[in-house]
Amino acid sequence: MHYGKWLTAGAAVAFTVMAAHEHGRSRADWDDLLSLCRSTADACLRGSDGRYVRTDAEALYQHSLYYDRRANRRLLGAQTSLLVTAALFILDLRGRNDGPDNIPFSPFR
């Protein structure tokens with residue numbers, strides 16, 4: 001338990017860093033899609049099924065969604081790791097008895 005809390009704390013940090021990386025990739029694809037939509041008037045027309053008519057616009061949108069979902073899963077993993085870390089820290093504190101006994105101090109004796 002003593003070393004496990006540090007392992008889960010490291011996992012929380014690692015998941016957070018990975019989530020930030022995936023969010024950056026999602027944001028880059030989204031920005032590319034916005035640039036494409038601003039380039040011409042018909043670049044981001046949608047069909048009757050809700051998909052973009054242009055395949056490059058649809059591909060950018062799908063990539064953005066893909067990386068956004070990956071970022072969300074990694075953030076969920078980071079939050080779970082953080083909760084486990086907090087629980088392990090509390091359990092580790094409760095399990096320690098290597099300090100001195102609690103002897104009350106009476107100044108009037």
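**The disulfide and beyond**

Mentor: Cys37 and Cys44 form a disulfide (a pair of cysteine sulfur atoms within 2.5 Å), with their sulfur atoms 1.5 Å apart. Bear in mind that this is a predicted model, where local features need pLDDT of at least 70, side-chain atom pairs count only at pLDDT 80 or more, and totals for chains, interfaces and linings use all residues. Residues are numbered from 1 along each chain as its sequence is written, and side-chain values use heavy atoms, leaving out hydrogens and water.

Trainee: How many disulfides does the structure hold?
Mentor: One.

Trainee: And which hand does the link of Cys37 and Cys44 have?
Mentor: Left-handed, with -80° about the S-S bond.

Trainee: What does Ala43 touch?
Mentor: Leaving aside residues up to four places away in sequence, Ala43 touches Leu36, Cys37, Arg54 and Ala57. Touching here means heavy atoms within 4.5 Å.

Trainee: OK, new topic. Is Asp92 buried or exposed?
Mentor: Asp92 is buried, because its relative accessible area is 10%; buried means under 20%, exposed over 50% and partly exposed in between, with a 1.4 Å probe and protein chains only.

Trainee: Where does Asp92 lie?
Mentor: In helix α2, residues 55-95. Helices are DSSP runs of H or I, at least four residues, numbered from the N terminus.

Trainee: Which side chain does the Asp92 side chain make a polar contact with?
Mentor: That of Lys5, at 2.6 Å. A polar contact is a pair of N or O atoms within 3.5 Å; within protein, one must be able to donate a hydrogen and the other to accept it, and residues adjacent in sequence count only if both atoms are side-chain atoms.

Terms used: Helix = DSSP H or I, 4+ residues; strand = E, 2+ residues; numbered from the N terminus.
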